[in-house]
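Please consult the sequence and the structure shown here while reading.

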Amino acid sequence: MTNPLRELEALGQSLWLDDIDRGHLRSGLFERLINEEGLSGATGNPTIFEHAIDHGTAYDEQMRQLIAQGKDAQAIYETLAMTDVRHVADLLRPIYDRTEGQDGFVSIEVSPYLAQDTEGTLAEVRRFWQTIDRPNLMVKIPSTPAGVPAIRQALASGININITLIFSIENYRQVAEAYLSALEERSAKGQDIGRIASVASFFVSRVDVLIDNLLEEKMKAVGASVEQQKLKVLQGKTAIANARLAYQEFKRLFRESRFAALNQGGAHAQRPLWASTGTKNPAYRDVMYVEELIGPDTVNTMPLTTIERFHDHGQVRLSIEDQLREAKAQLVALADVGLQYDQITRQLQEEGVQKFIDSFHKLFECIDKKRKVLQQERSVLGK
């Protein structure tokens, strides 16, 4: 039997895992995903990290050491996360070497508390880059107004960047411009541009979650069933339409003469990455955000559950350029019913930053709670 996950690679799409968990590293699950499923990258997830600390013991031993050193919650988190990231980077290093620096990356994100702080973001990016010290590391920076200049400066200084929380095509253009101008700056100085890597991460399912809710509100407000049906047919379609149109913009930007000149100097395209691809609405097919966004020079970073489901019943086809006319019509139809694309994508980014802040806050609370438990254990044992 064929493996649908392996078929993605044949169509030019890389499979990354949206989860770094020490339990998976110790059990050998992560290596199995590399060897059997074609996994070629990973991104950290603070929510899953918090769950692993709260519901398991994999981090307890190192936490005891850090508590004894007097570390606070943030320092404990960073040390635990960087330990895992180094381990994952080393497991992925053969892929990085085999692909000559085009794949095999692991990502760690800057604090979301710095999302509106360019200089603070840059300082943390540099600190992570130097401390983790792996060539196949990517540091995540959100594509906020303060994040974009930090992205450009980090790339220009030779740091690989995973750009997150992209929702709009205009924001994507800003991100691509930051990448291209950073490469041009390095090239003008005679610096290497062949080992600079970046991905532009579009958050997919969250688009449908918000728009579907807004359409539901409008359906409740209209009495006529004909009007309700007009709104209902728009549900569950915008996220895929948006990503497909973004891919068209990617192709345009990276086929122009500007990038061609950089490519001759060894530069690689900044690949689109589809993030938040687990289906949140049980009414929709559970692997639709994978099946409908398959194409060359892309990455799909999936939760473990989505990987398992796609392995079980995913259907593979070159789908990223399907129904482009319908994709454009979807955005026009939303505007016709009073849903403004720019306003919605801006709201999604603002909410995305806040969700990351909430996740970090919960994570730090979890670490403090665990620290008290471990300190009590130590006190009892000491007696």
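## The largest cavity

The largest cavity is lined by Ile20, Gly44, Asn45, Pro46, Phe49, Tyr77, Ala81, Asp84, Val85, Ser107, Ile108 and Glu109. A cavity is a set of points on a 1 Å grid over the protein atoms alone where a 1.4 Å probe fits but cannot get out, and lining residues have an atom within 4 Å of a point. Helix H4 (46-55), H6 and strand E3 (105-109) each supply at least two residues of this lining, and the largest share, 4 residues, comes from H6. Helices (H or I, at least four residues) and strands (E, at least two) are DSSP runs, numbered from the N terminus.

The volume of the largest cavity is about 130 Å³, where a volume is the space filled by probe spheres set on the points, which are joined across faces, edges and corners.

## Basis of the model

The model is predicted: local features need pLDDT of at least 70 and side-chain atom pairs count only at pLDDT 80 or more, whereas totals for chains, interfaces and linings use all residues. Residues are numbered from 1 along each chain as its sequence is written, and side-chain values use heavy atoms, with hydrogens and water left out.

## The nonpolar core

The largest nonpolar core has 129 residues, and Phe30, Ile53, Val106, Ile161, Tyr172, Phe254 and Ile367 are those with the most contacts inside it. Helix H6 (residues 73-98) gives this core its largest share, 13 residues. Such a core is a set of buried Ala, Val, Leu, Ile, Met, Phe, Trp, Tyr and Cys residues joined through side-chain atoms within 4.5 Å; buried means under 20% relative accessible area, exposed over 50%, and partly exposed in between (1.4 Å probe, protein chains only).

Leaving aside residues up to four places away in sequence, Ile161 touches several residues, among them Val125, Met138, Leu155 and Val199. Contact here means heavy atoms within 4.5 Å.

## Aromatic rings

The structure holds 14 aromatic pairs. In one of them, the ring centres of Tyr96 and Phe105 are 5.5 Å apart and the planes lie at 85°, so the pair is edge-to-face. Rings of Phe, Tyr and Trp (its six-membered ring) pair if their centres lie within 6.5 Å; planes under 30 degrees apart count as stacked, over 60 as edge-to-face and the rest as tilted. Tyr96 and Phe105 are both buried.

One aromatic cluster is formed by Phe49, Tyr59, Tyr77, Phe360 and Phe364. Phe49 and Tyr77 also line the largest cavity.

Notes. 1 Å grid on protein atoms, 1.4 Å probe; cavity = no way out; pocket = protein on both sides within 12 Å on 5 of 7 lines; lining within 4 Å.
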